[in-house]
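Open the structure in your viewer and keep the selection tool at hand. This tour goes stop by stop.

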Amino acid sequence: MSNSLNILAAVCAGYAALLFLVAFVAERAAKRGRARWLNSPIIYTLSLSIYCTAWTFYGAVGFAARSGLEYLTIYIGPTLVMVGWWWVLRKLVRVGRAQRITSIADLISNRFGKSNSLAVLITLMAVAGTTPYIALQLQSVTLSFSVFAAAGPQDTARALDSSEATAFWVALGLALFTVLFGTRNLDVNERHHGVVMAIALEAVVKLIALLAVGVFVVWGLGGGLGPVLAKIESSSISQWEIAPSRWVALIALSGAAFLTLPRMFQVLVVENDDERHLRFAAWAFPSYLLLISLFIVPIAVVGRSVLPAATNPDLYVLSIPLMSGETGLAFLSFLGGFSSATSMVIVAAIALSTMVSNHIVMPIWLRLTGGGALMAGDLRNVVLLSRRFSIIGVVLLGYVYYRLSGGGAALAAIGLVSFAGVAQFLPALLGGLFWRGATRNGALAGLLVGFVIWGWTMFLPSFGPDAALSAAVLAQGPWGLAALRPEALFGFVGLDPLVHAVFWSLSLNSMAFIVVSLVSFPSPLERLQGAQIVDVFKHSSGGQRWRGGMAQSEDLLLMAQRIIGATQAQKLFRNAASAQGLEGYLPEPTPEFLNQLERELAGSVGAATAHAMVGQIVGGAAVSVDDLIAVADEAAQIMEYSSQLEAKSEELSRTARQLREANEKLTELSHQKDAFLSQISHELRTPMTSIRAFSEILRDAQGLSREDQGKYSSIINAESVRLTRLLDDLLDLSVLENGQVSMNIEAGNLCDVLDRAVAAAGLSGRLSIMRRREREQLPITTDLDRLSQVFINLIANAHKYCDAPAPELKIVARAREGRITIDFIDNGLGISRDDQRVIFEKFSRLGDDRESGAGLGLSICREVMQRLGGTISYLPGQGGAAFRVALARAN
Amino acid sequence: MGKTVVLVEDEPNIIEAISFILSRDGWTVHTHSNGDTALAVLETRAPDLIVLDVMLPGRSGLEILSDIRAHTALAQTPVMMLTARGQTKDRERALELGANRYMTKPFSNAEVLVAVRELVDP
């Protein structure tokens, strides 16, 4: 016993050393940037083989021996995903790269508004779901040890007792390896080239080992292909009935788990270097699965025939070469199983520790230290430390589960518990990737419901009766509620426990997710992230934008140094600064830079934490107005549309206003026209009335005195003159208003023009004119006759309307700057304020004096002055009526 | 003994013409040319007929007309309106307010005589 065990220990140590070496070399090569071969799609595909754990290596044979071809479902699921769902994978990888996703918890929390509660829940679920799986690996390694140790597979039961210590040491060894290679440094990209290389090597080892055992079994023991096939034909495996519900459930489960297992997510998405690798892996990985499953049935059938009936079929792969005395093959087989177990534990521990550290430890630590993220020393060490303890904690949890579950359950059964646990992420994951309407609350609800049902119907019962749940609860339900029996929920009896658990947990999970998503409203950040992730192919860069107005670049640099290391951080900052055209290490905290920084930090501490940390420094971590606008395309469209509408309605109301104004103007014009016509009519009819009346009197009346005849004839004559004058004025005004009149501009003297006007006004001597002729010696160049017409009008008005007992008119000429003013001021009562506004309007004859004039005089004056480039205005506050005529001075 | 008529009109030549025609026809003619004081004059004179111009200084002919129709003593007195504004709107308004006759200037003398006779001796 001790002999073979010692050799085994030595082989293990040697193998571990080889893995170290490979990982170390790969890491160094990656660091020096000479690692193109690291980026090969072959390595990527091989790393995916951590899907095939010790469960597959050992358990598949056991599975086949117990349930026939059903073991194939575990391979069919991933194959279907790889081949048929390449577009889902592509999107996952694209999102993972665009958002710098570090884990499945990070992705889902990122999608739903960087919600940390969601990340915490997923982390807890992932830990709970992965723990049995890690236990499974420990169990398989321990079993394989014990097979060697007992020097005979019959004694496994006894060997188990003495191997609890083995399990512990194995667990510790794995934890140490993972700590050493998983947390050697805090990689910005969260990529582990060394680890990936090591697990690629392990993938090769396990494939070769299983193929070697298969070849040995078929051609060494079975006597060739023909006899083995015949043996298979006659064995119970081929007769095993296929249970459709179990097949469907298992294929769906393994397909789901392939996407959602934390370790699969790690290699599939996080460690992916190149999206194009997926194309290669799409056929290469199913081929790998095909190869690894090729000899399962022959091994199971031959093993059953050559080994004692009590032999654990889970260990046929090891027992057959041992029993046949093929020690070398046995060692190879052991190494294959060891590889399967260790690679799974290493990657799972890395993936889980990232989640635990980023979503649980760091947020708590950040909260405990409050805003002192800057003050509290090197954050990088804190992250590394929390990663390391998380790794040790995760592996030890697996060990505890292994001890608690008694190591008794079949390997395959434990694996399925895990699968079903992590499969609960699927609705939130797919919904998050493809459905913009999915919300954080929906995801939380779905996950919680799925998790609770999984725990109740699968996880707790997996410990066996009377371990976690009493046999009574299993049989009768809690408190005797039969509807809640763990293996017959809601009274569904007779279903296979696995199918039962998968059906209820996933369907209620999905239902809760969809229903709650539909009734809850997403926050702006959720909508932003949703848009970016669902439409990742439309805009492949992004992240929520910061507005870094008051951010302190220096604080950001201090923080970044503590997270991603001084060199890395300084390089990042210097590059950003030089990209902005600045010298030194401190770039402007532009939104672009802050987003870039956040992504870099997210690689180390996860998106939610990075967001929170940048937010702490930048301040106002809340969503900005800009973000709100950017949130969703439809929001932008709505705003665009409404602003268009607004513009349109503004335009409409402007047009309406213009129309209304035009209408008012037209109405007013129409009124003015009516009033004007009415006035004209009155002015014409009045003299005509007199003319007609007196002409009829002259014609018809008998015995008129000569005196009366003369008087009436004079009236007719006067009224005729009045009519003529009115017509002249009207024509004059019409011509002036239409601009048809031509001015006769000539040089003259103001005094002369006034002399002429006073003479022509036909004063009766009642009005005395007061002038200062010496001041009137001003040269003017204008239409002298028209100007004179204006003066005559003003003088005649004063003559007619001045109501002073001794009426007088002062005419004051002044030469001012650039112009000449001539004021006509009488000593009457003047014109009332109301009337001042209308005197220049047509027919605005004031008062009751109707003896002459048609009320067109001032209108004509205004028109004339306008033609001459001057003005005429009423001058208020002068005592009597006062008019000022102003005209430009002659040069 | 002739009937009395009060002529409220502001155009001197027209006053002269109408006064001449009606006097020759046997009327006693009183004239007045201010709208504001017209009603008081009418009260004093209590004429058999009123001839009222529309455009008057002060109160307009239409306003005086409605005063007349509201006045106990004058309400039944026939009124003939004269206007130089040839708008149908004015005519309708005048008839509405209770004018018995509406005449647009210029008019023939014979027309005036026929109208006033009809108004006083129906």
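For two packed helices, the angle between the axes and the distance between the axes give the description. Here, axes are lines fitted to C-alpha atoms, for helices over the stretch in contact, and angles run from 0 to 180 degrees between N-to-C directions. Keep in mind that this is a predicted model.

**Stop 1: a helix pair.** Select residues 193-221 of chain A, helix α10, and residues 277-294 of chain A, helix α15. Their axes lie 8 Å apart, at an angle of about 35°. Now show the contact residues. From α10(A), pick Leu207(A), Leu210(A), Leu211(A) and Gly214(A). From α15(A), pick Tyr288(A), Leu291(A), Ile292(A) and Leu294(A). Seven residues of this contact are nonpolar, one is polar and none is charged.

**Stop 2: the sheet.** Go to the open sheet of five strands in chain A, with mixed pairing and the order β4-β6-β7-β9-β8. Which strands stand at the edges? They are β4 (768-771) and β8 (871-874) of chain A; each has a single partner strand, so one side of each lacks a neighbour in the sheet. From one strand to the next, the twist averages 20°.

Stop 3: Select β7 (residues 819-826) and β9 (residues 882-888) of chain A, an antiparallel pair with seven bridges. Find Ile820(A); its bridge partner in β9(A) is Leu887(A).

**Stop 4: between chains.** Show the contact: 18 residues from chain A and 17 residues from chain B. On the chain A side, α31(A) supplies the largest share, 13 residues. That side divides into six nonpolar, six polar and six charged residues.

Methods:
Residues numbered from 1 in each chain as written. Chains lettered and ligands numbered in written order. Predicted model: local features only at pLDDT ≥ 70, side-chain atom pairs only at ≥ 80, totals over all residues. Contact = placed C-beta atoms within 7 Å. Helix = DSSP H or I, 4+ residues; strand = E, 2+ residues; numbered from the N terminus. Nonpolar A, V, L, I, M, F, W, Y, C, P; charged D, E, K, R; others polar. Pairing = 2+ DSSP bridges.
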